[in-house]
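Welcome! Here is a short tour of one structure, taking in its ligand site and some of its helix pairs.

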Amino acid sequence: MLRTIRGRKMLEDESRDIEKIRKRWDEHADRFDKWYQTFKGAVENHMDWELLKRHLPQNRDAKILDAAGGTGRITLPLAKMGYSVTLCDISPKMLNVARRKLLREGVLDKAEILECDVCKLRFADESFDFVLCWDGPSEASKELIRVTKKGGKISVYLMNKCGVAISEFHENPDSSLALLRSKSNYVVHHGEKSMAVSVEEARELFEKTGIQVIEIYAVCGMLDLLSIPKKVQESRSWDEKFFKQVTEMLLRLSEEPSAKGLSRHLVLYGERI
Ligand SMILES: C[S@@+](CC[C@H](N)C(=O)[O-])C[C@H]1O[C@@H](n2cnc3c(N)ncnc32)[C@H](O)[C@@H]1O
């Protein structure tokens, strides 16, 4: 369930409840990767990677920060590709899962793992060539930009205002309508404050803070638009031809301006200037 935030006091109270957020993700740690074994999870992981590969640094010596990187879904393949990755997250249990996976795959030495709040990063200005923050707190963007080198790249996940309102409508029409009526760009979702923006607002926001936006893609939740039954979405085995058709369809839609308002999230790629 989502709701928009009105007063500033409420915004601060909700956003800084770090302990609540840590506990929620600690409890989720053993289940997080399992979701990516379902058809829906595998499609979304494939999409994330296809888009990310277009923007990764050519140079494998590049230093990458995976902020709010959780169980290392992105860190592990990056480390296997040879990049030096710093993985940080607020949840020690999510990080333990990541540590075990990196150790098992023999690439623990390629990653530095830190428990920290991404809104208070301990790195010097311009420390990284590429900074990712997928599904972390939206208020982290100032810090993420600070630690990105000039000429380096940044990638952030943002909630998509129309897409969120559409996908939550069946559960709570009042709060979906409140979101679209409101001028606020913040929603509270599972107790965490997130920014919800349109493609245009995302571009404006980042361009104001010294980021040249390269591309904004529509990701997450688009399977529902293809009317794929829940049973298929949750299945753990599938037809490869169908998987390829679905992912091609979604990759094309992720770049299609007339469809971009409909996804749950946007993923923005930009260059620090
Ligand atoms: C949906 S998971 C995403 C994990 C990873 N980025 C991925 O895409 O697989 C969100 C992660 O954000 C982390 N997180 C939330 N707030 C945070 C904060 N203030 N600082 C660091 N990590 C945070 C959570 O602990 C959780 O691991």
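## Around the ligand

Of the 18 residues around the ligand, those that come nearest are Ala68, Arg73, Asp89, Asp117 and Trp134 (a residue is near a molecule if one of its heavy atoms lies within 4 Å of it). This is a predicted model, in which local features need pLDDT of at least 70 and side-chain atom pairs count only at pLDDT 80 or more, while totals for chains, interfaces and linings use all residues. Residues are numbered from 1 along each chain as its sequence is written, and side-chain values use heavy atoms, with hydrogens and water left out.

Now for the polar contacts (pairs of N or O atoms within 3.5 Å). The side chain of arginine 73 has an N or O atom 2.9 Å from an oxygen atom of the ligand.

## Helices 2 and 5

Helices here are DSSP runs (H or I, at least four residues), numbered from the N terminus. The axes of helix 2 (residues 18-35) and helix 5 (residues 92-104) come within 7 Å and cross at roughly 30°; axes are lines fitted to C-alpha atoms over the stretch in contact, and angles run from 0 to 180 degrees between N-to-C directions. Helix 2 is therefore roughly parallel to helix 5 (angles under 35 degrees count as roughly parallel, over 145 as roughly antiparallel, 65 to 115 as roughly perpendicular and the rest as oblique).

Among the residues that meet are Trp25 and Asp30 in helix 2 and Met94 and Arg100 in helix 5, where contact means heavy atoms within 4.5 Å. By class, this contact of helix 2 with helix 5 has six nonpolar, no polar and seven charged residues (Ala, Val, Leu, Ile, Met, Phe, Trp, Tyr, Cys and Pro count as nonpolar, Asp, Glu, Lys and Arg as charged, and the others, Gly among them, as polar).

## Helices 3 and 11

How do helix 3 and helix 11 lie to each other? Their axes come within 10 Å and cross at roughly 50°, so helix 3 and helix 11 are oblique to each other. The contact residues include Phe39 and Met47 of helix 3, and Phe242 and Leu250 of helix 11. The residues of this contact divide into ten nonpolar, three polar and one charged.

Note on methods. Helix = DSSP H or I, 4+ residues; strand = E, 2+ residues; numbered from the N terminus. Polar contact = N/O pair within 3.5 Å; in protein donor to acceptor, adjacent residues only side chain to side chain.
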